[in-house]
Amino acid sequence: MKTFSKYFRRFMIQKFLSAISIYRGLPKNIYYLAVARMILGMGNFIIPFLVLFLTDKLGYSATVAGSLAMGVTGTYLLGSFLGGKLSDILGYKLVMVFGEFIGALLLIFCGFFSDAPVLVPAFLFGAYFFIGLALPASNALVADLSNANNRDAVMSLSYLAYNFGSALGPIMAGYLFWNYTEWIFFGNGFAALFGVLIVAMFIQVQPETEPIKESELEKPVSGSVWSVLRARPRLLFFTFLCGLLWYSLNQMTMASPLYLSHIFGDEGPIVFGQLMTYACVLVVFITPMLMKFTANKAETISLAYAGFMFAFGYMLVMLFPNIPVHFLAWLFLSAGEVLLLTKEGIYLANNSPSSHRGRIQGVLITLRSVLVMPSFIVIGYFIDNYGYRFTWYSVIAISIVAAIGLYVMTIKNKQGPVVAIEKYS
């Protein structure tokens, strides 16, 4: 038995080392961007504690705190919508640096007024507007610094780095929250500032080597973003299906903690915290292996796998409500999360003209977010009126519908060559 265990460990280490080989030999811009993303993730102090801060520190009611948190989300989406067009006009790097820089300064200002019930929400509204402004520019910059040959590696490394940082950020914030509240804002602000300085100083937007020829779908076109989307309606259908997957993914942090408290009582939050840490560790190890496994598969089929993984994970949670099965289920849920957060961006980059990447990112991310936002109300309504079993069945059904839709997209793409998009005036 010991011999088998020894060989199994050696086999798994070899597989992992083979999988992470996809991150070797990338342009140095990509490594600088990954470091910046990791630092930004480590500074993710405010959002996980926002509602708790508004209620326990500033004295707002739960209803008002929820409304303010929704307002922060709304300004973030507004910034994202506007940032797409600005980034295509002014350049991805410039808009990303500007948005993150102003957002970081506003977060730092929050630290000096951390007990002011009016100033803090006002500063947060402004900060997350500018951070949202930088989002489509950031996503488009990652796409611009990559090409069809290395986009899997680039997108997944960027996601892995940010997730690794995010695993550490909330832990540090938890120790600071009660006695050093101002450092929640200082830490978030200075991390964002340091991360964006790396982008500003070290990332070169000009290609360092002979650029790889763009695919037909990535060639620049003229016209508005709406004319591009009319010519490529599959992008809207794809966004709708990804919205369904995001609806399912969000139940890891929406329905799951409520369900765990329902099953385990006071132990529920402890189990949920353990699952969150477990998921962050899992992501670091499974991301390169999933990227290697899906390297030669269409992004839509990889996202269909994500839908089936969500469905299977939540089915386990519903049918076997015990702690060991929850950890097994979260392996599948975490794998689905990795595929969703990497393959969605890769598909959009591969199917967007380089002239409109920022606008397409801004518009489609905003549309997808607007689609997903009602899930907070819908899930609460289902739980209150129909119970957890019905709620999980609804999430499973949505996951399967999304997976089937993405599979159909894959089949349709294989039935004939993609028609080149003409330039339109």
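Trainee: What share of the contacts with a separation of 6 or more joins residues 24 or more positions apart in the protein chain?
Mentor: That share is 86%. Keep in mind that this is a predicted model.

Trainee: What makes up the fold, helices or strands?
Mentor: The protein chain has 16 helices and 0 strands. Of its 425 residues, 51% count as buried.

Trainee: How confident is the predictor in the protein chain?
Mentor: The mean pLDDT is 81, and 88% of the residues reach 70 or more. Among the elements, helix α1 (residues 2–19) has the lowest mean, 57. Helix α13 (residues 299–319) has the highest, 93.

Trainee: Where is the pLDDT below 50?
Mentor: Over residues 416–425. Beyond near neighbours in sequence, that stretch has 16 contacts in the model. Where pLDDT is low, the predicted coordinates should not be read in detail.

Trainee: Why is α13 called largely enclosed by the rest of the structure?
Mentor: Count its buried residues. A residue is buried when its relative accessible area is under 20%. In α13, 15 of the 21 residues are buried, so the rest of the structure largely encloses this helix.

Trainee: How does the span of α13 compare with the one expected at 1.5 Å a residue?
Mentor: From first C-alpha to last, α13 reaches 30 Å, close to the expected 30 Å. Helix α15 (residues 357–372) has 16 residues and reaches 22 Å, close to its expected 22 Å. α15 is also mostly covered, with 13 of its 16 residues buried.

Trainee: At what angle do the axes of α10 and α13 cross?
Mentor: Roughly 30°, and the axes of helix α10 (residues 233–249) and α13 come within 10 Å. Angles under 35 degrees count as roughly parallel, so α10 is roughly parallel to α13. The crossing is left-handed.

Trainee: Which residues meet there?
Mentor: From α10, F238, C242, L245, S248 and L249. From α13, T300, L303, G307, F310 and Y314.

Trainee: Is G268 buried or exposed, and how do you know?
Mentor: Its relative accessible area is 0%. The cut-off for buried is under 20%, so G268 is buried. G268 is found in helix α12 (residues 268–293).

Trainee: What is G268 in contact with, leaving aside neighbours within four places in sequence?
Mentor: L260 and S261. The C-alpha atoms of G268 and P257 are separated by 6.9 Å, and these two residues are 11 residues apart along the chain.

Methods:
Residues are numbered from 1 along each chain as its sequence is written. This is a predicted model: local features need pLDDT of at least 70, side-chain atom pairs count only at pLDDT 80 or more; totals for chains, interfaces and linings use all residues. Side-chain values use heavy atoms; hydrogens and water are left out. pLDDT is the predictor's confidence in each residue, from 0 to 100. Helices (H or I, at least four residues) and strands (E, at least two) are DSSP runs, numbered from the N terminus. Contact means heavy atoms within 4.5 Å. The expected span of a helix is 1.5 Å times one less than its number of residues. Buried means under 20% relative accessible area, exposed over 50%, partly exposed in between (1.4 Å probe, protein chains only). Axes are lines fitted to C-alpha atoms, for helices over the stretch in contact, and angles run from 0 to 180 degrees between N-to-C directions. Angles under 35 degrees count as roughly parallel, over 145 as roughly antiparallel, 65 to 115 as roughly perpendicular and the rest as oblique. A crossing is left-handed if the near helix is turned anticlockwise from the far one by less than a right angle, and right-handed if clockwise.
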